[in-house]
Amino acid sequence: MTSRWAANKPDLSADSELLRNVYHKSAVDLLSMRIVKEINGEQVVLLAAGMPWFLTIFGRDTLVTAYQSITCGPDVARGALVTLAAHQGNAVDDFSDQEPGKILHEFRSGELTQLGIAPYGPCFGSADTTQLWLILLSEYWRWTGDDALLRQLRPNADAALRWIDEFGDRDGDGYVEYATRSPDGMRNQ
């Protein structure tokens, strides 16, 4: 999948050698951040948020990068959609800010997570990943026409839309908000 993605990336011709070098270095950097996972028996590729600290599934960054790189091929977008759908929230958990239908913020498995001290296994502390997941699903389908994946992820999309209406708009003003409900939750407010 990786070589196909690299081969499909658009060619850049420019008079500026600096611009060409930046473009090609950016493509190499993206490839270095790939994560290969097995989800429901399918091997998928997605991109991490950055190295070294963010070499993990990081909802917003993974989704935005997949969206921005879909012209190079759909594999990274598909991987992001399938992986995040597999870890979609299905319960209310104040510690991790999980809610039914919500797409995760980040997923880590380090010591603090394993000891239950940090809420990263996964953490749902974000206001925008669910909407970004829906946007990427729409764009993935527009670029690929992959009706089978759309049908497969339909329950996840329905759950994401329900989350926006039932949990995301906390004060009923028509906007999605986020604030942790846990004193041990994400300290990003």
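Read along the sequence, the chain runs α-α-β-β-β-α-α-β-α-α-α-α. That comes to 8 helices and 4 strands; both are DSSP runs numbered from the N terminus, with at least four residues (H or I) for a helix and at least two (E) for a strand. The model is predicted: local features need pLDDT of at least 70, side-chain atom pairs count only at pLDDT 80 or more, and totals for chains, interfaces and linings use all residues. Residues are numbered from 1 along each chain as its sequence is written, and side-chain values use heavy atoms, without hydrogens and water.

**Whole chain**
- Of the 189 residues, 42% count as buried (under 20% relative accessible area; exposed is over 50%, partly exposed in between; 1.4 Å probe, protein chains only).
- Take contacts (heavy atoms within 4.5 Å) between residues at least 6 apart in sequence: 57% of them join residues at least 24 apart.

**Helix H3**
- H3 spans residues 59-68, and its buried residues are Gly 59, Thr 62, Leu 63, Thr 65 and Ala 66.
- These residues lie on the same side of H3, because they cover an arc of only 170 degrees around the axis (taken from the directions from the helix axis to the C-beta atoms).
- An α-helix has 3.6 residues a turn, so residues three or four places apart point the same way.
- The buried residues of H3 pack against helices H2 (17-32), H4 (75-86) and H6 (129-144), and against strands E2 (42-47), E3 (57-58) and E4 (106-107).

**H4 against H6**
- The two axes come within 10 Å and cross at roughly 140 degrees (lines fitted to C-alpha atoms over the stretch in contact; angles run from 0 to 180 degrees between N-to-C directions).
- H4 and H6 are therefore oblique (under 35 degrees is roughly parallel, over 145 roughly antiparallel, 65 to 115 roughly perpendicular, the rest oblique).
- H4 contributes Ala 77, Arg 78, Ala 80, Leu 81, Leu 84 and Ala 85 to the contact; H6 contributes Trp 133, Leu 136, Leu 137 and Tyr 140.

**Gln 98**
- Gln 98 sits in the loop between H4 and E4.
- Gln 98 is buried, at 15% relative accessible area.
- Its side chain reaches the backbone nitrogen of Ala 91 at 3.4 Å.
- Beyond neighbours within four places in sequence, Gln 98 is in contact with residues including Asp 93, Phe 124 and Arg 181.

**Thr 180**
- Thr 180 lies in the segment after helix H8 (154-168).
- Thr 180 is partly exposed, at 24% relative accessible area.
- Its side chain makes a polar contact with the side chain of Asp 97 at 3.0 Å (N or O atoms within 3.5 Å; within protein, one able to donate a hydrogen and the other to accept it; residues adjacent in sequence count only if both atoms are side-chain atoms).
- The C-alpha atoms of Thr 180 and Ser 126 are separated by 8.9 Å, with the residues 54 apart along the chain.
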